[in-house]
Amino acid sequence: MQELQQHLEATEQRLDAFLVKLTQRAQELLNGFEQEAVNIRRNDTIYGQAYSRFLAATRGQVQKLREKVKEVEETQIMPVFYRHCTQSSLAGFSSMVYEWRNRCQAKILQWEEQLYASESAAIERAEWQDYETVFQSHLQQYHAEKEKVYCKQCGAKLAINQVYYYTVYITCTFCQTQNIFNPGTSARQLEDTARKLAEQRSRPVLEQQQFYQQRERDLYMQAHELQLSLIHEKNNQIIKEKQQAIARLEEQRQEAVVKAPQLMEEYHRSVFDELNNLLPDLREHHEKFYRAITTHYQ
Amino acid sequence: MTNNPLLEPIHGISLYDYSAANARLANNVPVEDVCKALGIEQPVWEEVNDLWVKRMQEDGEFVVATQMGNYFAQADQHPKLGSLKAAAAAADQGNLQQLAADRYFYEELNGAREAAYEAGLDGAQWILENYGISLGDFQQVAMQWSQVMQQEGYETMNQYLQYRQEKKDEYAARFAEEQGGNVADDIEF
């Protein structure tokens, strides 16, 4: 048994060291990604193809790190567990192997969660843009460009009094000739930029929603752990206290269960209110889109 | 479904017209040629395009998007757009036919494409360069296979997915070798 214990301890230490090395490598990768992303995005096409490829490659490498850990779990941890978990002839032997397996898996899970959080945060930082400035810039560019459009027939300046998001016919008010007006790239990007700006402005509501969503899960897990601890509990006083604690946690969890979808609805409404402010001529479409989204979410 | 107002034509352009037009545009057919075949001018096309996208956004049941996918797969049979091809689109007909007939070949190229993107390559361009199949043609065949997949059982689907994953791993290893390895190849347990 002592020999096995030493083997398990050594394997666990190797796992710790392995995960530390992979974390360092992931950090180097993500730091490099963030620095490089700035240059790539600056020189990219309007569709962001170069950045998309760069992002996919980075995600691919992060995935390789996950696969490496998965492989270690499958080849170094689980075979040891399966080999020894049923050998329960010695007292405490089986529980030692189970606890070791659980500790290793918990470490792997924690490592994966941290990696996911680091990856998401790096991508979010790399992609962050002040959409207030971008939107205003597109709008100003459109208004400047539409002032330089003249009738192909008589040369008079065309009266363009609204925002067009795609190519349209404009009739010359002087000679009645029908002209084709292409509003240009900035106008075509206005709807997309407005949506991103509306989401950015509504972000605090989404963060609140995510807080309650996470809180619901955390409270559930706390109550679940208390439930598990009751399985072998004999002391009635402790049982009573734990059951009361479980009931309190459940009450708080129910508040979060109600609050999270309410906040999601609030977030959607906020995004579409912002969109209506930014592009008031599309209000009717926004409202239909809002109904479709809320129907789907429900 | 036929009574759904979201499926009514827009300025005379039906969802089938719109879907087939998009299949052609995805295959690098110029928008001017698509408009000519449909008998409309570009401003009409752009408004139609904008309105069909808006209808999809307003459709909480995804009926329009689903039907568009079905029509996309039938673009070759469209009476006005079926025969329209890009001047430079000399697709490798042999590979394209194999893609449509051989599920294993289709899964392999899917795996290769995914592996290429994860290696930082343009997966669609890689398939075009190596197999002469454009993104538009590939997606059209993908829609045909998607209809087949809807009818097949879990085991069959799982078998093909496993095959795709195997191929993806093979191509990933190949791309990694070409690029000097993966980020943590030197870290051992």
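Predicted model: local features only at pLDDT ≥ 70, side-chain atom pairs only at ≥ 80, totals over all residues.
In soluble globular proteins, nonpolar side chains tend to be buried together. Here the largest nonpolar core holds 37 residues, among which Leu15(A), Leu22(A), Phe33(A) and Tyr51(A) touch the most other members. The elements that give two or more residues to this core are α1 (2-42), α2 (49-84) and α3 (93-127) of chain A, and α1(A) provides the largest share, with 12 residues. A second, separate core has 35 residues, including Cys172(A), Ala187(A), Leu275(A) and Leu279(A).

Turning to the interface, 31 residues of chain A are in contact with 27 residues of chain B. The area buried between the two chains is about 2,800 Å², and carbon and sulfur atoms give 60% of it; of the part that chain A buries against chain B, Arg25(A), Arg53(A) and Tyr166(A) supply 21%, more than any other three residues.

Polar and charged groups also meet here. Between chain A and chain B there are 12 residue pairs in polar contact and 3 salt bridges, and the side chains of Arg188(A) and Glu46(B) form a salt bridge at 2.9 Å, N to O. On the side of chain A that touches chain B, at least two residues come from each of α1, α2, β1 (168-171), α5 (184-201) and α8 (283-297), with α2(A) giving the most, 10 residues. The residues of this side comprise 15 nonpolar, 7 polar and 9 charged.

Notes: Residues numbered from 1 in each chain as written. Chains lettered and ligands numbered in written order. Heavy atoms only, no water. Core = buried A, V, L, I, M, F, W, Y, C linked by side-chain atoms within 4.5 Å. Buried < 20%, exposed > 50% of the residue type's maximum accessible area, 1.4 Å probe, protein only. Helix = DSSP H or I, 4+ residues; strand = E, 2+ residues; numbered from the N terminus. Contact = heavy atoms within 4.5 Å. Buried area = accessible area lost by both parts, 1.4 Å probe. Salt bridge = Lys/Arg side-chain N within 4 Å of Asp/Glu carboxyl O. Polar contact = N/O pair within 3.5 Å; in protein donor to acceptor, adjacent residues only side chain to side chain. Nonpolar A, V, L, I, M, F, W, Y, C, P; charged D, E, K, R; others polar.
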